[in-house]
Amino acid sequence: MKLWILIIFAVATLLRVALHLVHYRSAKNPVPENVADVYDTETYLRWQRYFGEGGRLAMIETLVSSAIMALLLIFDVHAVFASWFGQNPVATAVGVVLCQIVVEWVCSIPFNYISTMKIEEKYGFNRSTLGTFIKDEILGFFMSGIVSLLIVLVLCGSHLWLGNWMILLFAGVMCVFVVVMNLIFPLLSRLQNKFTPLPDGALRDKLTALLTGHGYTVKAIEVMDGSRRSSKSNAFFSGFGKQKRIVLYDTLLESMDEDEICAVFAHELGHGLHHDIPKLLLMNCGNMVLIALLAWGAISLPALYPAFGFDGVNYGFAFLILGSVGMPLISQLYGMLINAVSRSAEYKADAQAVEEGYGESLVSGLKKLSRENFSHLSPSKLVVVLEYSHPPVSARVEAIEARMDKKA
Ligand SMILES: [Zn+2]
């Protein structure tokens with residue numbers, strides 16, 4: 001049993017490394033003609049160096065963290081840790097999860113530090129100070145720790161209480177969790193950033209006109225001080241019903257002209273009109289059902305636990321095996337489906353901006369965004385299909401221009 005788990009883990013790791021490698025090498029792909037003006041030659045060479053450094057770091061991180069996980073598994077370290085927490089199934093599950101998240105966190109710090117404070121810094125993206133970095137790391141640790149512990153407690157409680165019927169309860173709770181996280185996301189990002197209403201003026205009038213043109217209301221159009229952490233730009237749309245918010249990064253307002261901001265906004269409006277957020281949430285709930293099935297599978301393998309030094313079922317360990325063995329192979333496939341739906345939603349949201357008359361501005365806005373975010377212009381098709389929630393910029397520009405031609 002142990003050998004099989006280790007083999008599956010090794011295969012999942014090798015696939016991840018191979019994918020990193022394909023992505024890494026795609027930096028040499030020729031740049032599509034319709035986005036050739038995003039970077040000048042010097043900037044493009046700089047981008048290649050930046051992408052290469054990030055890619056190498058990600059690969060090393062995957063190898064190091066997988067090697068550490070393999071060692072923990074081989075030497076039954078989780079069981080040793082669990083034994084310090086006595087016999088109670090809840091306490092021992094918590095012990096295993098604590099062991100894992102502390103080890104993962106400690107291993108990730110040097111990589112996050114190099115990524116944020118060295119690489120992003122070197123290429124001028126980082127605006128985090130060491131203080132903000134430390135605060136973010138600690139906050140991130142507590143957030144992911146609390147989430148992991150809550151999930152394990154639900155897993156543990158539902159199985160002890162309901163046996164095999166746990167699937168229903170666990171899947172239900174996870175779905176509620178996904179929806180609630182989406183609802184409180186604006187509140188969570190409020191802990192880390194400042195939000196101010198977009199000031200009155202021509203821009204706000206144009207944006208409001210776009211909204212009222214569709215009899216549409218949102219709770220707020222806000223500007224977020226993303227520039228405190230990074231000079232990369234973004235815009236997002238979150239929440240349901242009356243809680244809908246459109247958030248524009250301050251960096252977006254600094255770098256784009258009025259029509260380009262309207263174009264980005266019209267794109268976000270498209271997501272709202274097409275109900276993309278609830279659709280994707282629903283698909284994520286499907287993923288939770290899949291995870292619940294996998295969790296039930298992991299709990300129902302009695303031979304799994306003695307093989308790794310436990311006396312009996314350990315819910316924390318079931319959760320771990322789920323995360324490192326079950327999910328990379330099975331949930332990744334479902335993730336591919338979600339990404340495909342998301343990419344198609346992006347094309348439709350772009351089409352909405354074209355319908356509003358902002359096609360050309362969207363093209364120039366997307367190019368600016370790519371330039372500022374130092375985006376990959378020619379990613380490999382395989383990586384796009386597996387991991388990209390947004391189509392590459394050249395594909396988007398092509399679709400927008402085709403749509404504009406059709407409209408003209
Ligand atoms: Zn979008």
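Visitor: Before we go on, what pLDDT do local features need here?

Guide: Residues are numbered from 1 along each chain, following the sequence as written. This is a predicted model, in which totals for chains, interfaces and linings use all residues, side-chain atom pairs count only at pLDDT 80 or more, and local features need pLDDT of at least 70.

Visitor: Back to His-275, then. What is its phi, roughly?

Guide: As background, most residues other than glycine have a negative phi. His-275 sits in the loop between α9 (258–273) and α10; helices here are DSSP runs of H or I with at least four residues, strands are E runs of at least two, and both are numbered from the N terminus. Though not a glycine, His-275 has a positive phi of about 55 degrees.

Visitor: Phe-374 also has a positive phi. Is Phe-374 buried or exposed?

Guide: Phe-374 is in the loop between α13 and α14 (381–387). Its phi is about 55 degrees, and it is not a glycine either. With 20 other C-beta atoms within 10 Å, Phe-374 is buried.

Visitor: Zooming out, what is the radius of gyration of the protein chain?

Guide: The chain has 15 helices and 4 strands. For 408 residues the globule rule gives 22 Å, and the chain comes close to that, so it is as compact as a globular protein of that length. The rule is 2.2 Å times the number of residues to the power 0.38, and the radius is taken over C-alpha atoms. For this chain the radius of gyration is 23 Å.

Visitor: And what share of the contacts with a separation of 6 or more comes from residues 24 or more positions apart?

Guide: Two residues are in contact if their C-beta atoms, placed from the backbone, lie within 7 Å. In this chain, among contacts with a separation of 6 or more, residues 24 or more positions apart account for 79%.

Visitor: Can we see such pairs up close? Which residues does Leu-6 touch, not counting those up to four places away in sequence?

Guide: Leu-6 is part of helix α1. Its C-alpha atom is 8.1 Å from that of Ile-74, 68 residues apart along the chain. With its near sequence neighbours of up to four places set aside, Leu-6 touches Ala-70 and Leu-73.

Visitor: How are α2 and α4 oriented to one another?

Guide: The axes of α2 (residues 41–74) and α4 (residues 89–122) come within 10 Å and cross at roughly 170 degrees. Axes are lines fitted to C-alpha atoms, for helices over the stretch in contact, with angles from 0 to 180 degrees between N-to-C directions. Under 35 degrees counts as roughly parallel, over 145 as roughly antiparallel, 65 to 115 as roughly perpendicular and the rest as oblique. That makes the α2 and α4 pair roughly antiparallel.

Visitor: How many residues of the contact of α2 with α4 are nonpolar?

Guide: Among the residues that meet are Leu-57 and Ile-68 in α2, and Phe-111 and Ile-114 in α4. Ala, Val, Leu, Ile, Met, Phe, Trp, Tyr, Cys and Pro count as nonpolar, Asp, Glu, Lys and Arg as charged, and the others, Gly among them, as polar. The contact has 2 charged, 3 polar and, for the class you asked about, 10 nonpolar.

Visitor: Last stop: which element gives the largest share of the side of domain 1 that touches domain 2?

Guide: An automatic or database domain assignment gives domain 1 (2–29 + 37–194 + 274–407) and domain 2 (195–273). In domain 1, 33 residues are in contact with 32 residues of domain 2. Elements giving two or more residues to that side of domain 1 include α6 (166–192) and α12 (315–355). The largest share, 8 residues, comes from α13.

Note on methods:
A residue is buried if 20 or more other C-beta atoms lie within 10 Å of its own, exposed if 12 or fewer, and partly exposed in between; C-beta atoms are placed from the backbone.
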